[in-house]
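I opened the notebook to record what I looked up, one site at a time. The sequence and the model come before my entries.

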Amino acid sequence: MDCNRIAGILNEMGTLLELGGENPFRCRAYHTAAQALEGLPRDLVSMIADDSLSATPGIGEAMYKKIVQLATTGRLGEYEELKRKTPPGLIALLRVPGLGPKKIKVLRDELGIRSLADVKAAGESGKIADLKGFGARTQTKILEGIAFVESMGERILLSSADRLVQPILAAVRTHPKVIRAEACGSLRRRAETCGDLDVLFSSDDPEAVMDAFVKLPDVATVLAKGPTRSSVRLIDGVQCDLRGVSDTEYPFALHYFTGSKQHNIAIRRRAIERGFSLNEYALSGPHGPVQCRDEAELFAKLGLAYIPPELREDHGEIEAAEAGTLPKLITRDDLTGTFHCHTDYSDGANTLAEMAAAAQARGLHYLGIADHSRSARYANGLDIGRVHEQWKAIDALNKKFGSSFHLFKGTECDILADGSLDYPDELLDGFDYVVASVHSHFHLSQEEMTARLVRAASNPRVTMLGHPTGRLLLAREGYAVDLSAVIDAAAQSGVMIEINANPHRLDLDANWARRARAKGVMIVINPDAHATDGLDDLDYGVAVARRAWLEANDVWNTIPSNQMAKRLAERRRVR
Ligand code: DGT
Ligand code: CA
Ligand code: CA
Ligand code: ZN
């Protein structure tokens with residue numbers, strides 16, 4: 001388990017303890033330790049091995065033991081226990097913007113609140129405003145926060161779903177009675193959020209697998225259990241559905257439970273039109289059941305090329321599969337390098353050299369550095385002097401790398417409120433590339449925000465727009481902006497737009513990325529990494545690109561690495 005994940009767990013434990021009314025010093029110890037972990041210079045395992053972790057300020061003796069246990073086993077009984085005993089309704093309240101553990105504790109102690117519905121009722125009857133330290137404004141903010149959470153439903157990020165499904169899928173796959181198993185549903189389609197986890201397996205004895213499933217350590221409550229289907233709630237609060245079928249039925253069930261529902265309906269209609277009937281267990285023709293070994297054979301029987309799960313949304317994939325015009329979707333291996341990465345010059349956790357080494361370890365041949373610009377004070381943005389310092393450091397590293405690897409000099413330059421950039425033109429001209437992003441003044445009117453972004457997208461010194469809508473999945477809506485107008489401006493001036501691969505952002509999303517590409521905008525997949533393991537988020541960016549029907553040619557950072565410097569320079573000259 002890596003540092004950031006462990007820091008996340010410690011933070012969560014601190015928050016859950018606060019919710020339970022634990023002594024504030026004890027709660028703070030968790031948050032302090034989490035912070036200490038986030039800033040660690042080296043990887044955890046080596047710091048445990050040479051005993052330097054135990055000497056790290058902010059990590060006491062008891063906390064040290066917990067961290068070692070998490071780092072080595074990936075589990076901590078105390079954490080699981082804490083989640084088990086905190087009412088799920090209260091945990092759900094933490095997702096409401098404007099409600100922290102302290103406020104929730106007051107609501108619980110004073111008004112007996114146990115769920116979202118309770119808070120809503122109390123707010124609507126004005127009881128929250130009367131509480132000491134709350135007031136009418138806070139009450140309104142809390143009610144707005146609840147409306148936002150309700151509009152999201154009980155969904156989780158794809159990255160969380162991946163993490164939660166892993167141990168379950170591993171357990172199912174290693175069960176002696178299991179033949180094949182796969183995670184299905186929105187997770188397999190790589191949707192940006194998931195409502196629940198769907199796991200399918202084939203077996204001659206599904207009931208034995210069900211018995212083992214409901215006893216897994218991650219299971220908190222069994223919602224339903226039968227010989228071929230069960231539903232449980234995990235200790236994280238997420239629902240997981242498990243289905244067992246025979247191995248003959250497996251390809252049909254795999255297709256059905258992968259969805260989407262709209263895709264399934266369209267496929268079933270097609271089967272009927274061709275004289276078949278199709279359900280979750282079988283394809284039947286006029287002469288009885290039709291055997292298929294896998295999904296590819298099922299599609300073939302219906303006269304279709306294999307449709308990758310990411311495309312199964314009934315957005316034209318069936319027509320394309322029939323005509324043989326499905327895109328050859330981009331894969332992670334097509335990426336030759338990436339851009340928009342932070343270092344400890346601004347708000348990243350790792351050095352230039354560490355980021356470069358991590359990129360090389362992941363098979364990338366170049367890395368675009370892009371620390372924050374000077375106005376981003378909260379993120380330790382670079383003044384002009386420090387930009388020059390960083391350039392020198394990059395030059396020195398590049399000399400060492402020779403032709404084996406290259407760091408590109410870039411900046412994530414703030415787009416100021418009027419749409420101008422945060423550095424003077426002479427400085428911008430010294431970078432290999434410029435990412436332009438909005439990090440302030442989120443509340444402009446739609447007209448002002450659109451004009452601001454259009455101006456940036458028309459600026460010849462901008463190479464690419466960063467996270468163009470500013471949304472944070474399940475947490476914050478994007479700012480008010482006419483994105484079509486921004487895309488048109490970018491297409492006009494040859495500015496690229498990123499798919500920000502951070503699983504909290506995925507910005508552009510698949511629909512907008514598809515539209516932007518159709519308008520002629522070149523797409524770049526960037527991790528927005530703030531630490532070395534942030535580079536792994538590229539997988540999520542690739543997933544968005546695939547859901548946007550993109551091929552390698554549609555994405556800038558697939559061009560051969562030995563051409564990248566030249567091609568970036570050309571883009572800058574053309575303007
Ligand atoms: P989610 O859970 O909201 O993120 O989305 P899914 O797509 O994972 O939906 P879920 O878990 O309700 O069901 C898994 C798959 O099962 C779904 O993608 C397609 C299939 N399915 C579920 N209900 C229906 C239905 O009423 N009709 C058809 N044709 N397929 C269904
Ligand atoms: Ca699902
Ligand atoms: Ca489901
Ligand atoms: Zn940013």
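I started with burial: buried means under 20% relative accessible area, exposed means over 50%, and partly exposed lies in between, with a 1.4 Å probe and protein chains only. I noted that this is a predicted model, in which local features need pLDDT of at least 70, side-chain atom pairs count only at pLDDT 80 or more, and totals for chains, interfaces and linings use all residues. Residues are numbered from 1 along each chain as its sequence is written, chains are lettered from A and ligands numbered from 1 in the order in which they are written, and side-chain values use heavy atoms, with hydrogens and water left out.

**Entry: zinc**

Which residues coordinate the zinc ion (ligand 4)? I found Glu412 (OE), His439 (NE2) and His467 (NE2), at 2.1 to 2.2 Å. Donors here are N, O and S atoms within 2.8 Å of the metal (3.2 Å for Na, K and Ca); water is not among the atoms, so sites may look incomplete. Along the chain, the zinc donors follow the spacing E-x26-H-x27-H. Glutamate 412 and histidine 467 link distant parts of the chain, 55 residues apart. Glutamate 412 sits in strand E15 (residues 410–414). Histidine 467 sits in the loop between strand E17 (464–465) and helix H21 (483–493). Helices (H or I, at least four residues) and strands (E, at least two) are DSSP runs, numbered from the N terminus.

I then checked burial. Histidine 467 has a relative accessible area of 1%, so it is buried. Glutamate 412 counts as buried because its relative accessibility is 0%.

**Entry: calcium**

I turned to the calcium ion (ligand 2). Asp196 (OD) and Asp198 (OD) coordinate this ion at 2.1 to 2.2 Å. Aspartate 196 also bridges to the calcium ion (ligand 3), and the two ions lie 3.7 Å apart.

**Entry: lysine 66**

Is lysine 66 buried or exposed? Lysine 66 is buried, because its relative accessibility is 13%. I located lysine 66 in helix H4 (residues 61–73). Its side chain makes a polar contact of 2.9 Å with the side chain of glutamate 78. A polar contact is a pair of N or O atoms within 3.5 Å; within protein, one must be able to donate a hydrogen and the other to accept it, and residues adjacent in sequence count only if both atoms are side-chain atoms.
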